[in-house]
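Dear colleague,

Please find below the structure that I am handing over to you, together with its sequence.

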Amino acid sequence: MKLILLGSGAVRPDLDHWGPAQVVQVGGENLLFDCGRGATMRLVQAGIPIQQLKRLFFTHHHFDHNCDFAYLFLSSWVLGRDVPMEIVGPRGTQAFCDALLKSAYRDDIDTRRFHPMYSAHGCKYNVRDVLEDELTLEYEGFRIRMVHVLHKSHILDNLAYRIEADGKSIVIVGDTTMCQSLMNLAEGADLMVHECTFPTARIRSAKWESFHTAPRDLGKWAKARGVKVLVLKHYAIQPGVEIETMFDEVKAEFGDQGLIAGHDLMTLEV
Ligand SMILES: [Zn+2]
Ligand SMILES: [Zn+2]
């Protein structure tokens with residue numbers, strides 16, 4: 001299995017750190033997790049033909065994680081995707097996709113859908129809103145476990161995913177606070193890619209504790225749960241938020257063995 005980190009940034013426009021998105025290559029497929037700013041362009045840079053992208057998994061619907069969705073969906077269809085896109089996400093995913101594709105872009109789709117150049121199937125999509133506390137989906141050659149995690153969750157549902165194939169595992173986390181469901185999901189993971197948004201002091205002092213995980217807490221629990229490789233991402237990129245500082249804070253608890261400061265277009269194999 002291979003992980004390609006497409007974007008290591010978050011909200012702030014930054015040319016070196018694009019929005020949250022990553023691909024897991026498994027079973028001959030490219031699975032996309034989140035679709036943040038510039039995800040489509042980064043897919044092209046990673047050499048992944050966008051028209052072959054058929055499965056998309058959302059962690060949650062903060063705009064930094066989904067704002068490239070309409071562009072990816074429509075451009076992949078127009079450029080040749082000839083099957084419906086399969087989309088999985090938390091509560092609200094169906095409504096999000098429908099608002100864009102059945103309302104905002106409905107007339108655009110209707111102008112193209114009967115043109116012989118465009119597939120009649122590629123403009124369709126199937127959504128699964130995951131309402132269960134935890135769920136496992138089985139696919140040909142791999143399976144994906146998912147649980148709800150905590151990130152302003154009285155307003156917005158959030159999922160984390162664990163992809164398993166050939167005895168290996170990759171855990172994909174969007175935004176989260178430290179929570180039991182995630183610790184259980186990540187137990188013994190070969191690789192986990194996890195948010196690292198603000199330094200610990202900023203998290204503790206600036207009311208970010210219901211949104212994000214402090215780097216020190218992340219290092220501690222990931223170590224305790226036997227995560228083998230921990231990749232950091234979702235850097236806030238703003239004055240006073242240095243990646244090196246956050247990396248060192250995680251390292252103080254996790255150690256430097258297996259700890260990686262993620263960067264755009266990084267590829268890792270398990
Ligand atoms: Zn985010
Ligand atoms: Zn978020």
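A nonpolar core is here a set of buried Ala, Val, Leu, Ile, Met, Phe, Trp, Tyr and Cys residues joined through C-beta atoms within 7 Å. A residue counts as buried if 20 or more other C-beta atoms lie within 10 Å of its own, as exposed if 12 or fewer do, and as partly exposed in between, with C-beta atoms placed from the backbone.

This is a predicted model, in which local features need pLDDT of at least 70 and side-chain atom pairs count only at pLDDT 80 or more, while totals for chains, interfaces and linings use all residues. Residues are numbered from 1 along each chain as its sequence is written, and chains are lettered from A and ligands numbered from 1 in the order in which they are written.

The largest nonpolar core has 70 residues, and those with the most contacts inside it are Val24, Ala160, Tyr161, Val171 and Met192. Helix α3 (residues 69–78) gives the most to this core, with 5 residues. Helices (H or I, at least four residues) and strands (E, at least two) are DSSP runs, numbered from the N terminus. Within α3, the buried residues are Phe69, Leu72, Phe73, Leu74, Ser76 and Trp77. They pack against α1 (39–45), α2 (63–66), β5 (85–90) and α4 (93–104), a contact being two residues whose C-beta atoms, placed from the backbone, lie within 7 Å. Just after α3, Gly80 takes a positive phi of about 130 degrees.

For the chain as a whole, there are 9 helices and 14 strands. The radius of gyration is 18 Å, close to the 18 Å that the globule rule gives for 270 residues, so the chain is as compact as a globular protein of that length. That radius is taken over C-alpha atoms, and the rule is 2.2 Å times the number of residues to the power 0.38. Buried residues make up 44% of the 270 residues. Of the contacts with a separation of 6 or more, 67% are between residues 24 or more positions apart.

Turning to the sheet, 7 strands form an open arrangement in the order β7-β8-β9-β10-β11-β12-β13, with mixed pairing. Two strands pair if DSSP finds at least two bridges between them. β7 (134–139) and β13 (259–261) stand at the edges, each with a single partner strand, so one side of each is left without a neighbour in the sheet. The twist averages 15 degrees from one strand to the next; axes are lines fitted to C-alpha atoms, for helices over the stretch in contact, and angles run from 0 to 180 degrees between N-to-C directions.

Strand β10 (residues 168–173) is mostly covered, with 5 of its 6 residues buried. Strand β9 (residues 159–165) runs antiparallel to β10 and is joined to it by 6 bridges; Ile163 has Ile170 of β10 as its bridge partner. Their hairpin has 2 residues between the strands, and Asp166 takes a positive phi near 50 degrees there. β10 and strand β11 (residues 191–195) run parallel, joined by 3 bridges, with Val193 of β11 as the bridge partner of Ile172.

Helix α9 (residues 243–254) lies across β12 and β13, running at about 170 degrees to β13.

With kind regards
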